[in-house]
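Work through the exercises below with the model open. Each task is followed by a solution in steps.

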Amino acid sequence: MVGMSDLGLNQASPDVRDDPDGILRVVIHGEVTEDRVRAIFGVFRRVAESGRDLLVLADTRHTGPVSASTRKVVTEEMRGVRIDAVAIIGASYSLRVVVTLLAKGVQMLTGRPYPQQFFDTEGEAHTWLLGRRDALRAGRGPVA
């Protein structure tokens, strides 16, 4: 498996960590800025272009406000990256609404599915992502 260090991404975004099981963990403490969003999606883009599954566990328990201009950047960035699954933990009601609307909009614009789920615990989120990974791999058949 291609890791973030292999892709030169270790310093690309302090908000993203590559777990040993291939899941990208995103944790943002504080305000979600346009620059942070671009850096995070830059990591996503490089991972997707490498051929790896793009599975994201987003921990939003300490995430601050998301401005309208930042939401616009998120939408633009989401349109340009194939994300295989996103598990979100700790999202407030308002963040759930925003993320759901953004994902539906991107699905409508791109025609690509955008599998996402909200979870109360990290364990549930992690289990769901591993299940998505297994389903993706089963759909592709054996890897040579």
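Contact here means heavy atoms within 4.5 Å. The model is predicted, so local features need pLDDT of at least 70 and side-chain atom pairs count only at pLDDT 80 or more, while totals for chains, interfaces and linings use all residues. Residues are numbered from 1 along each chain as its sequence is written, and side-chain values use heavy atoms, with hydrogens and water left out.

**Exercise 1. Describe the chain as a whole.**

Step 1. Take helices (H or I, at least four residues) and strands (E, at least two) as DSSP runs, numbered from the N terminus. The chain then has 4 helices and 7 strands, in the order β-β-β-α-β-β-α-β-α-β-α.

Step 2. Among contacts with a separation of 6 or more, 76% join residues 24 or more positions apart.

Step 3. Call a residue buried under 20% relative accessible area, exposed over 50% and partly exposed in between (1.4 Å probe, protein chains only). Of the 144 residues, 41% are buried.

**Exercise 2. Find the aromatic pairs and classify their geometry.**

Step 1. Rings of Phe, Tyr and Trp (its six-membered ring) pair if their centres lie within 6.5 Å; planes under 30 degrees apart are stacked, over 60 edge-to-face, and the rest tilted. The structure holds 2 such pairs.

Step 2. F41 and F44 are edge-to-face, with 5.1 Å between centres and 70 degrees between planes. Both sit in helix α1 (residues 34-49), and because they are 3 residues apart, about one helical turn separates them. F41 is buried at 8% relative accessible area, and F44 is buried at 5%.

Step 3. F119 and W128 are tilted, with 5.7 Å between centres and 45 degrees between planes. F119 is buried at 13% relative accessibility.

**Exercise 3. Which residues of α2 are buried, and what do the buried residues pack against?**

Step 1. Helix α2 (residues 68-79) has 12 residues and spans 17 Å from first C-alpha to last, close to the expected 16 Å; the expected span is 1.5 Å times one less than the number of residues.

Step 2. T70, V73, V74, E77 and M78 are buried in α2. They lie on the same side of α2 because they cover an arc of only 135 degrees around the axis, taken from the directions from the helix axis to the C-beta atoms.

Step 3. The buried residues of α2 pack against β3 (30-32), α1, β5 (63-66) and α3 (93-110). The face turned away from the buried side of α2 carries the exposed residues A68 and K72.
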